[in-house]
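Visitor: I would like to learn how to read a ligand site and a salt bridge. Please walk me through a case.

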Amino acid sequence: MATIELKDVIKSYGGVEVIHGVSLEIADHEFMVFVGPSGCGKSTLLRMVAGLETVTDGDVLIGDKQVNALEPRYRDIAMVFQDYALYPHMTVRENMAFGLKMRKASDAEVKERLAEAADILQITPLLDRKPGQLSGGQRQRVAMGRAIVRRPSAFLFDEPLSNLDAKLRVDMRTQIKRLHALLKTTTIYVTHDQVEAMTLADRITVLRNGYIEQVGTPFDLYERPANLFVAEFIGSPAMNMVKARYVVEDGKAEAVIRDDLRITLPQYRLQNGVEVVLGIRPEHLEPSQFRAHGDAITLPAMTKILEPLGSDVIALCELGGLELTARLTPGRVSRAGESIDLVFDTAHIHLFEAQGGRRVQALTHNSVQ
Ligand SMILES: Nc1ncnc2c1ncn2[C@@H]1O[C@H](COP(=O)(O)OP(=O)(O)OP(=O)(O)O)[C@@H](O)[C@H]1O
Ligand SMILES: [Mg+2]
C-alpha cells in the first residue's frame, strides 16, 4: 500500500509546457479519479506516476519515496490501459503469470496468486484461452487480473472501459468498485466520463489545460463547484447557466436577467452591477403546481422537447430566448409546446462571476455559500 504525491510537477514536450505545476496528495487506500476533457493532461500525469514519462520539473513520490528517476518496474505499481495490452500468443494464464515470472516468483506462488485473482474476477474458466478468443469485457478482466496478481502498492487505470459498450461499461464499473472495496489498493483512475468519475471516486481531480481546476469528493464537486468549468463539467444533464447582472438596491440584492425578469438573491461579496452567471441544476426546476410552499422563484417557460428516460423526463424549455433543461418526474409534464411555470428555490442557486468564472460566496446566513 502507498500514498502518491505530486509536487509542483511540470511536463514539457519539446519546449511546450503541457502540465503547469500540479501538486496533489493521494492517500493510502484512496480511489482518486482524474477527469477532464481530451488533451487536458490526464494520461501524461498518470504516465509520470508510472514512470513511462519523465518529469520535466517537480517531484513524484510513491510512499514518501521520490521516484523521479526510478524505472517503472521498480515503482511497485500496476497499470491497466484502454487497449489492455495483452500478449496475443499467450493464454490468459500465461498473460497473467508473465509479470510474476519476470520477477522470479516461485511456481507455487504464481499458482496461488493466479487462482486468487481469477477467482475474484470470475475468469477461472477462461484461463486456457488466448485473448483473441475473449470478449472485450473478458479481455478487460484479464488485464485487471494481470495487475492484481502482482499485488502492487498502487493501481493506475487509463480509461480502462472506453472500448466497451454501454452496458458492459456499467458492469465493469461495478466490478472495479467491488475490487477496490476488497483490495483497498491506492488507485488513480483516468476517465473523461464524469459519471464514471462520480460513481467510482473517493475524490476527483478535475483538470483543464494542464491545470487542476478542483479536487474534492464527488459530493463537493457537485454541491460546491469552484468555478464555471467544474459546474458545467460535473452533472448530467449539465447545470443551466443563466447570465445576469448582480444589482443591489436599498440593501436588496437581485439578479437581473432581463429588465422584466429579476430574481431576488441573498447578498454576495460582489460589486454592484457586476456580470454574473446563475447556475441551476436541472433537478432543481419543477412545475409550479407541484410545489407546496411559496418562497421560490417562478420562471414562465415553454416546453420545447421532452426526452422521457423512464425514471424521469428531461424537458428542454424556453424562456424568452433562454434555454433551460429541467429534470422532471414523469407525468408532471405532458407534451412539448406547453406553457409551464418552472420554480426553484434560491437556496439551490450557484453563483459565479462571469469574468473568470469563480464561484462567489453568499454573505447571508442560511443561504448557499
Ligand atoms: N509524446 C507527446 N509529444 C508531444 N505532446 C504530447 C505528447 N503526449 C501528449 N502530448 C500533449 O500533452 C497534452 C496532454 O495530453 P494527454 O495525453 O495527457 O491528454 P489526456 O487528458 O489524456 O487526453 P485524452 O482524454 O484525449 O486521452 C496534449 O496537449 C497532448 O497533445
Ligand atoms: Mg489520455
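Guide: We take the ligand shell, then the salt bridges. This is a predicted model, where local features need pLDDT of at least 70, side-chain atom pairs count only at pLDDT 80 or more, and totals for chains, interfaces and linings use all residues. Residues are numbered from 1 along each chain as its sequence is written, chains are lettered from A and ligands numbered from 1 in the order in which they are written, and side-chain values use heavy atoms, with hydrogens and water left out.

Visitor: Which residues are around ligand 1?

Guide: A residue is near a molecule if one of its heavy atoms lies within 4 Å of it. Here the residues around ligand 1 are Tyr13, Val18, Pro37, Ser38, Gly39, Cys40, Gly41, Lys42, Ser43, Thr44 and Glu159.

Visitor: Which polar atom of Ser43 lies 2.8 Å from an oxygen atom of ligand 1, backbone or side-chain?

Guide: A side-chain atom. For Gly39, a polar backbone atom is 2.8 Å from a ligand 1 oxygen.

Visitor: How many salt bridges does a search of the whole structure find?

Guide: Side chains of opposite charge can pair when their charged atoms come close. The cut-off: a side-chain nitrogen of Lys or Arg within 4 Å of a carboxyl oxygen of Asp or Glu. The search finds 18. In one of them, Arg151 meets Glu112 at 3.9 Å, N to O. Arg151 lies in the loop between α4 (136–148) and β7 (154–158) and Glu112 in helix α3 (residues 107–121), so the pair ties together parts 39 residues apart in sequence. Helices (H or I, at least four residues) and strands (E, at least two) are DSSP runs, numbered from the N terminus. Arg151 also bridges to Glu116, at 3.4 Å.

Definitions and conventions
A polar contact is a pair of N or O atoms within 3.5 Å; within protein, one must be able to donate a hydrogen and the other to accept it, and residues adjacent in sequence count only if both atoms are side-chain atoms.
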